[in-house]
Amino acid sequence: MAFSFNVSLEMDFDAAVEKVTETLKAHKFGVLTEINVDIVLKAKMDVDMPRYLILGACNPPIANQMIQADPDIGSVMPCNVLVRDAGNGQVVVAFLDPETVFGLSEQEAIKPILADAKQKLLAVYEDLKTK
């Protein structure tokens, strides 16, 4: 079972982060959190690794609907979008599949909300592929 879908971009890491953030915003997603895993691992364990940034993306209307359907769903929110340096001028952007991860909820009312969330993230994914 795939838990994500991804696209590879041929560009500088910082430019890719900017492009992903702008594309998310164009599709009504905000970025609530940024976790620089590479920086954390360097500071805590002196581990060197390529740049690895997790963006916590949120579409407020969808988040509200999900919380209304299952108040405990916040334990796995927001939708993570990973931006990682794959080397050789390639940056991989991996999107959490909402239907797979949030589908762990046993609330039937959440299923159409998750389908909507997935379609919106797939639109971001498609825009990144074509631009």
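Predicted model: local features only at pLDDT ≥ 70, side-chain atom pairs only at ≥ 80, totals over all residues.
Student: What is the strand order in the open sheet?
Tutor: The sheet has 5 strands in the order β1-β5-β4-β3-β2, and their pairing is antiparallel.

Student: Which strands are at the edges?
Tutor: The edge strands are β1, residues 4-10, and β2, residues 30-36. Each of them pairs on one side only. On average, neighbouring strands of this sheet are turned by 20 degrees against each other, with direction ignored.

Student: How many bridges join β3 to β4?
Tutor: There are 6 bridges between β3, residues 52-58, and β4, residues 79-87, and the two strands run antiparallel.

Student: And which residue in β4 is the bridge partner of Y52?
Tutor: That partner is R84.

Student: Turning to the helices, which strands does α1 lie across?
Tutor: Helix α1, residues 13-26, lies across β1, β2, β3, β4 and β5. Its direction is at about 155 degrees to β4. Helix α2, residues 37-45, also packs on the sheet, where it touches β2 and β3. The direction of α2 makes about 30 degrees with that of β2.

Student: Which residues of α3 are buried?
Tutor: In α3, which spans residues 60-69, the buried residues are I62, A63, M66 and A69.

Student: Why do they line one face of the helix?
Tutor: Seen down the axis of α3, the buried residues fall within an arc of 130 degrees, so they share one face. On the other side of α3, P60, P61 and Q68 are exposed.

Student: What covers the buried residues of α3?
Tutor: The covering elements include β3 and α5, residues 111-130.

Note on methods:
Residues numbered from 1 in each chain as written. Heavy atoms only, no water. Pairing = 2+ DSSP bridges. Helix = DSSP H or I, 4+ residues; strand = E, 2+ residues; numbered from the N terminus. Axes fitted to C-alpha atoms, helices over the stretch in contact; angles between N-to-C directions. Contact = heavy atoms within 4.5 Å. Buried < 20%, exposed > 50% of the residue type's maximum accessible area, 1.4 Å probe, protein only. Arc of directions from axis to C-beta.
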